[in-house]
Amino acid sequence: PTPSWGRMLQESQELLFSTPRLALWPGVAIALAVLGFNLLGDGLRDYLDPKLRRIRAEG
């Protein structure tokens, strides 16, 4: 099977109480990826939004 963070989390559910670190690292990777995409989207919006460009040019 193709490795994925979701599959890693699903398979670690059975062992969650004995070895919680198996779910920790894929969960952290997903959280960091989502945070990174969110920050990238906010940065692109700030850079490309014509209303914000006008405010920056005036101020």
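Here is a quick look at the salt bridges in this predicted model.

Some ground rules: residues are numbered from 1 along each chain as its sequence is written. Because the model is predicted, local features need pLDDT of at least 70 and side-chain atom pairs count only at pLDDT 80 or more, while totals for chains, interfaces and linings use all residues, and side-chain values use heavy atoms, with hydrogens and water left out.

The structure has 3 salt bridges, a salt bridge being a side-chain nitrogen of Lys or Arg within 4 Å of a carboxyl oxygen of Asp or Glu. Here they are:

| Salt bridge | Closest N and O atoms |
|---|---|
| Arg7 and Glu11 | 3.6 Å |
| Asp42 and Arg45 | 3.6 Å |
| Asp46 and Arg45 | 3.2 Å |

Let's start with Arg7 and Glu11. They sit 4 residues apart in helix 1 (residues 5-12), so about one helical turn separates them. Helices here are DSSP runs (H or I, at least four residues), numbered from the N terminus. Arg7 is partly exposed, at 37% relative accessible area, and Glu11 is partly exposed too, at 48%. "Partly exposed" is the range between buried (under 20% relative accessible area) and exposed (over 50%), using a 1.4 Å probe and protein chains only.

Now for helix 2 (residues 21-48), where Asp42 and Arg45 are 3 residues apart, again about one helical turn. Asp42 is partly exposed at 30%, and Arg45 is partly exposed at 46%. Arg45 also pairs with Asp46, which is partly exposed with a relative accessible area of 32%. Through shared partners, the salt bridges tie Asp42, Arg45 and Asp46 into one network.

Methods. Helix = DSSP H or I, 4+ residues; strand = E, 2+ residues; numbered from the N terminus.
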